[in-house]
Amino acid sequence: MELAYIPSPSSGVLHLGPLPLRGYAFCIIIGVFVAVWYGGKRWVARGGKAGTVADIAVWAVPFGLVGGRLYHVITDYQLYFSDGEDWVDAFKIWEGGLGIWGAIALGAVGAWIGCRRRGIPLPAWADALAPAIAFAQAIGRWGNWFNQELYGKATDVPWALKISSGPNREAGLYHPTFLYESLWCVGVALLVIWADRRFKLGHGRAFALYVAAYCVGRFWIEYLRVDEAHHILGLRLNDWTAIVIFALAVTYIVISSRIRPGREEVVEPDRDESAKPVAPEPSSEPEDAKPTDAAADAADAKTTT
């Protein structure tokens with residue numbers, strides 16, 4: 001007997017008057033806005049300028065979307081390039097399919113370009129954005145709820161997710177892995193905020209902590225999922241990705257804390273001040289008291305005689 005469950009939306013499309021908006025895209029858009037807003041507040045608190053995070057996000061967000069889609073299409077190529085599939089669907093990002101690993105990797109490239117143009121250290125910018133990105137992920141995961149995708153194994157727990165029948169899915173009650181990951185990302189954000197205040201993390205270590213903590217949760221959540229995936233030695237591909245990236249993040253934290261302890265004192269130099277020419281220091285000696293070249297030569301002549 002079904003005592004309680006989480007219902008799935010009957011449609012993945014929201015209608016704002018005559019304008020249709022897919023729930024998946026809506027969640028991604030809201031997540032981006034939250035990340036830029038909160039990341040901007042943290043950046044200003046670190047000594048940066050208002051508007052800098054938004055300016056760099058203009059580079060990071062498009063790169064991240066492309067990277068996330070590329071990772072999904074490459075790792076799940078059979079969904080688009082096998083017999084009976086339409087390769088054009090690989091471009092339909094609004095139907096779901098963004099790999100966080102690719103989004104972070106290529107998004108970092110876009111952020112590096114934006115930071116370089118403004119003379120800002122990328123690690124400091126990443127530290128400010130770390131919990132903001134986690135909050136954005138927490139919001140973005142609800143897009144999977146709208147699409148009724150990426151759920152876990154069948155279960156009868158009171159918080160089970162009810163899935164209706166559809167293409168490549170069977171109606172029933174399943175673990176709401178989208179909800180698990182959303183809550184985990186909120187916890188990761190709060191962890192990074194606390195650790196950053198407690199230990200004054202700098203030089204990219206707050207971002208590395210976010211990455212490591214996310215990987216821990218993603219590993220066990222990935223284990224629950226039943227959607228089609230490639231397996232290596234009995235583990236899903238994303239499990240192996242989480243293991244490797246977790247190890248790299250922890251290694252970075254250890255090495256970085258030894259090589260560059262503490263936190264950056266200046267995260268965003270004042271470009272206007274640095275562009276001003278440096279005026280020569282005024283001399284305390286009166287102009288009339290300075291010996292002329294002729295006087296100096298006469299003094300040298302007396303010394304030699």
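I started at Y151, which counts as buried at 11% relative accessibility; I took buried as under 20% relative accessible area, exposed as over 50% and partly exposed as in between, with a 1.4 Å probe and protein chains only. The model is predicted, so I kept local features to pLDDT of at least 70 and side-chain atom pairs to pLDDT 80 or more, while totals for chains, interfaces and linings use all residues. Residues are numbered from 1 along each chain as its sequence is written, and side-chain values use heavy atoms, with hydrogens and water left out.

**Entry: aromatic pairs**

I looked up the ring partner of Y151. Y151 and Y174 form a tilted aromatic pair, 4.6 Å centre to centre with 40° between the planes. For pairing I required ring centres of Phe, Tyr and Trp (its six-membered ring) within 6.5 Å; planes under 30 degrees apart are stacked, over 60 edge-to-face, and the rest tilted. Y151 sits in the loop between α6 and β3 and Y174 in strand β4 (residues 172-174), so the pair ties together parts 23 residues apart in sequence. Helices (H or I, at least four residues) and strands (E, at least two) are DSSP runs, numbered from the N terminus. Y174 is also buried, at 11% relative accessibility.

Over the whole structure I find 12 aromatic pairs. In one of them, W142 and W145, the ring centres are 5.7 Å apart and the planes at 80°, so I noted the pair as edge-to-face. W142 and W145 are three residues apart in helix α6 (residues 142-147), which means about one helical turn between them. W142 is partly exposed at 31% relative accessibility, whereas W145 is buried at 19%. I also noted one aromatic cluster formed by W142, W145, F146 and F178.

**Entry: I163**

I163 belongs to strand β3 (residues 161-163). I looked up its accessibility, and at 2% I163 counts as buried. For contacts I used heavy atoms within 4.5 Å. Residues up to four places away in sequence aside, I163 touches S8, Q148, Y151, R169, E170, A171, G172 and Y174.

**Entry: nonpolar cores**

I defined a nonpolar core as a set of buried Ala, Val, Leu, Ile, Met, Phe, Trp, Tyr and Cys residues joined through side-chain atoms within 4.5 Å. The largest core has 42 residues, and W43, W101, W125, L129, V192, F207 and Y210 have the most contacts inside it. At least two residues of this core come from each of α1 (23-45), α2 (52-75), α4 (100-118), α5 (122-140), α7 (177-199), α8 (205-224) and α9 (237-259). The largest share, 11 residues, is supplied by α5. Apart from this core lies another, of 10 residues, including I6, C27, L161 and Y174.

I then looked at α5 itself. Of its 19 residues, 15 are buried. The helix bends by about 45° at L129, and the proline P131 follows within four residues; I took the bend as the angle between axes fitted to the seven residues ending at a residue and the seven starting there. P131 is also touched by V192, along with A130, A206, L209 and Y210, not counting residues up to four places away in sequence.

**Entry: H72**

H72 lies in helix α2 and is buried at 13% relative accessibility.

**Entry: salt bridges**

I counted a salt bridge where a side-chain nitrogen of Lys or Arg is within 4 Å of a carboxyl oxygen of Asp or Glu. The count comes to 13. One of these joins R118 and E268, with the closest N and O atoms 3.3 Å apart. R118 is in helix α4 and E268 in the loop between α9 and α10 (271-275), 150 residues apart. R118 and E268 are both buried.

R225 bridges to E222 at 3.5 Å, N to O, and to D227 at 3.0 Å, N to O. R225 is buried, with a relative accessible area of 10%. Through shared partners, salt bridges join R141, E181, R218, E222, R225, D227 and R236 into one network.
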